[in-house]
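Dear colleague,

Please find below the structure that I am handing over to you. My notes on what was found in it follow directly after.

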Amino acid sequence: MKRLIPVFALVLMGLAGCKGFLDREPLSEIAPDQFFTSESDLRLYTNSFYNVIPSAEDIYNEDIDNIVKTTLPDAVTGRRTVPTSGGGWDWGELRKINYFLGNYNRQGLSSATTNKYVGLAKFFRAWFYFNKVVRFGDVPWYNRVINTTDEAYLTQARDPRTVVMDSVLADINDAVARLATTKATEEVTKWTALALKSRICLFEGTFRKYHTEFNLPNADKFLNEAVTASEELMTKSGYQIYSTSPDLAYRDLFASLKASPEEVILARKFSSDLQVFHNVNYYTITASYGKPGLEKRLVNSYLMKDGSRFTDRPNYNTLPFYEEIQNRDPRLAQTIRTPGYTRIGNTNKLVPDFGATVTGYQLTKFVTAETEDSYNKSLNDMPVFRYAEVLLNYAEAKAELGTLTQSDLDKSIQLIRKRVAMPALELAKANADVDPYLAAQYTHVSGANRGVLLEIRRERRIELVMESYRWNDLMRWKEGHLVADQFKGMYFPGLGKYDLDNNGTTDVVIYEGTKPTEKGPQYLKLGSEVVLEGGKNGGLVLINSNQTKSFNENRDYLYPIPIQERLLNKNLTQNPGWQDGL
């Protein structure tokens, strides 16, 4: 396995890495004529760039409104403050990249040798700056290493977002042109660069469209770039949606130890040989990580198996668990425990464990067989870019541009739905019959394509859940208000005994007073271990109901610049709404 940030890359990172903006780069003290003398040197150096690939632990942090835990992140509580230092304002990875771009060709290596490594550096610089812009908006653009004596560069002001994103677009286009076309789940290729371009341009195009308060031009330019990048990957790469049985394919895509080369464009790899593990499986079956579970509105968003809307059913919010789960989009039963669930490789039927899920909708996505993991030793690869995202990006960008056709849906959304044997999304029908449940959540969607845009957002949320897209999606759509809503879980009509899987055995007992002594069921004390909307009269489970939640529409779409950075560089302005006293 080549891309696990191997030992030699970690050694190099010790030389090349820095976390502080003003830190000297140790590797810069190595003369270029002592390094970059061969292709192996280029490979050695650029391997360290892979350090920025998100870790599996990022999945744990999708506790925005998709996944709910016993505690709330600062992003949804209003507790975000201006940090003294840190706060994401780190530039060490950029310095490594810029050092490489400034020195790789000092020894006269041929372009045939250097080309793909330059493309790799441009890919990671584009990704680096995209993440900075998503977080902070305007940021200084640096395309060379800063020397400690370069006062003008050290005190540079923030460049306009438009300038930075044009530079990001130039970098990712250069990466696309230079990188190899051979597919590899462990290595950045031309197809990875196109997938990143698709992601970047969809974000920027929709952010500019919906955030009119920033007066950003050329939203359609980025949306069109998202379409062209997606289209090139769709027509030339050979990737496809991984598909087997409709009742297993979605589960198996994420539970497989090795990333599927059919669909996964880039994955973070794990290895028992190199002792590189994650603990996603343990995360979903224990209370140790905040008892995560899907939020009720997301569960409601899954369609019926025939394509009709669950939320059109009478009393949909007060159906018993067994009834609400029947005949739904098969991805629901491949994402959470539903009646009849068995862990891979086991025959024991398991109901949701309220000791491990605060909402009752217990996560199973990414969970492998028990024999393949133990605490903190899971090995299944974590997808970072996959083909389904590109198809979703394509459909959404086309819909936002107003150029979406039924043919476009058939070669994008329908391929994703076909994996689980769901009916096709029909353009005319979606726009003629707008879903009021989704429309009430996504308040900024309008126009002739309103209905199909809402359906694409439904599809995106369901298909990509637990893959760390949700926060950025809400930010670009200007729908941050959703994270401040009350989070809810499963419905119970009040005190009593409940058979979750309808097999004649009591699974959950909600009680008051003294805990019953009968062995077998899960006991939840009303008011402490479980809170219901109507108390004894029942209702949906309320999550974090004693914690204040807020989202400041005039401030929270961007993060603040740390105080220390503004003290060091007086030319750095603060983001709107953030008060740091400077």
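**A contact of D329**

The side chain of D329 reaches the side chain of R331 in a polar contact of 2.7 Å. Please bear in mind throughout that this is a predicted model. D329 sits in the loop that joins α12 (321-325) to α13 (330-333). Its relative accessibility is 2%, so D329 counts as buried, the cut-off being under 20%. Leaving aside residues up to four places away in sequence, D329 touches Y302, L303, M304, K305, V420, M422 and I462. D329 and R331 also belong to a network of salt bridges, whose other members are E263, K365, R386, R417, R419, E459, E463 and E467.

**Salt bridges**

The count of salt bridges in the model comes to 48. Three of them are described here.

Another salt bridge is formed by K209 and E400, whose closest N and O atoms are 2.5 Å apart. Since K209 is in helix α7 (residues 190-210) and E400 in helix α14 (residues 387-401), the pair ties together parts that are 191 residues apart in sequence. Are these two residues buried or exposed? K209 has 33% relative accessibility and therefore counts as partly exposed, while E400, at 7%, counts as buried.

The side chains of E455 and R458 also meet in a salt bridge, at 2.9 Å from N to O. These residues stand 3 apart in helix α19, which means that about one helical turn separates E455 from R458. An α-helix has 3.6 residues a turn, so residues three or four places apart point the same way. Both E455 and R458 are buried.

**Helix α8**

How far apart are the end C-alpha atoms of helix α8? The helix covers residues 219-236, and its 18 residues should span 26 Å at 1.5 Å a residue; the end C-alpha atoms are 26 Å apart, so the two values agree. The buried residues of α8 are A219, F222, L223, A226, V227, A229, S230, L233 and M234. Those buried residues pack against α6 (161-178), α7, β2 (264-268) and α14. After α8 comes G238, which has a positive phi, near 90°.

**K296**

K296 is located in helix α11 (residues 296-301). With a relative accessibility of 2%, K296 counts as buried, because this value falls under the 20% cut-off. Among the residues that K296 touches are Y316, N317, E324 and Y361, and also K488, G489 and L540, when residues up to four places away in sequence are not counted.

**The second largest pocket**

Finally, I turn to a pocket. The second largest pocket has a volume of about 520 Å³. Its lining consists of 23 residues, and P330, A333, Q334, T338 and P339 are those nearest the centre. α12 and α13 each supply at least two residues of this lining. Which element gives the largest share of the lining? The largest share, 3 residues, comes from α13.

With kind regards

Definitions and conventions: Residues numbered from 1 in each chain as written. Predicted model: local features only at pLDDT ≥ 70, side-chain atom pairs only at ≥ 80, totals over all residues. Heavy atoms only, no water. Helix = DSSP H or I, 4+ residues; strand = E, 2+ residues; numbered from the N terminus. Buried < 20%, exposed > 50% of the residue type's maximum accessible area, 1.4 Å probe, protein only. Polar contact = N/O pair within 3.5 Å; in protein donor to acceptor, adjacent residues only side chain to side chain. Contact = heavy atoms within 4.5 Å. Salt bridge = Lys/Arg side-chain N within 4 Å of Asp/Glu carboxyl O. Expected span 1.5 Å × (residues − 1). 1 Å grid on protein atoms, 1.4 Å probe; cavity = no way out; pocket = protein on both sides within 12 Å on 5 of 7 lines; lining within 4 Å. Points joined across faces, edges and corners; volume = space filled by probe spheres on them.
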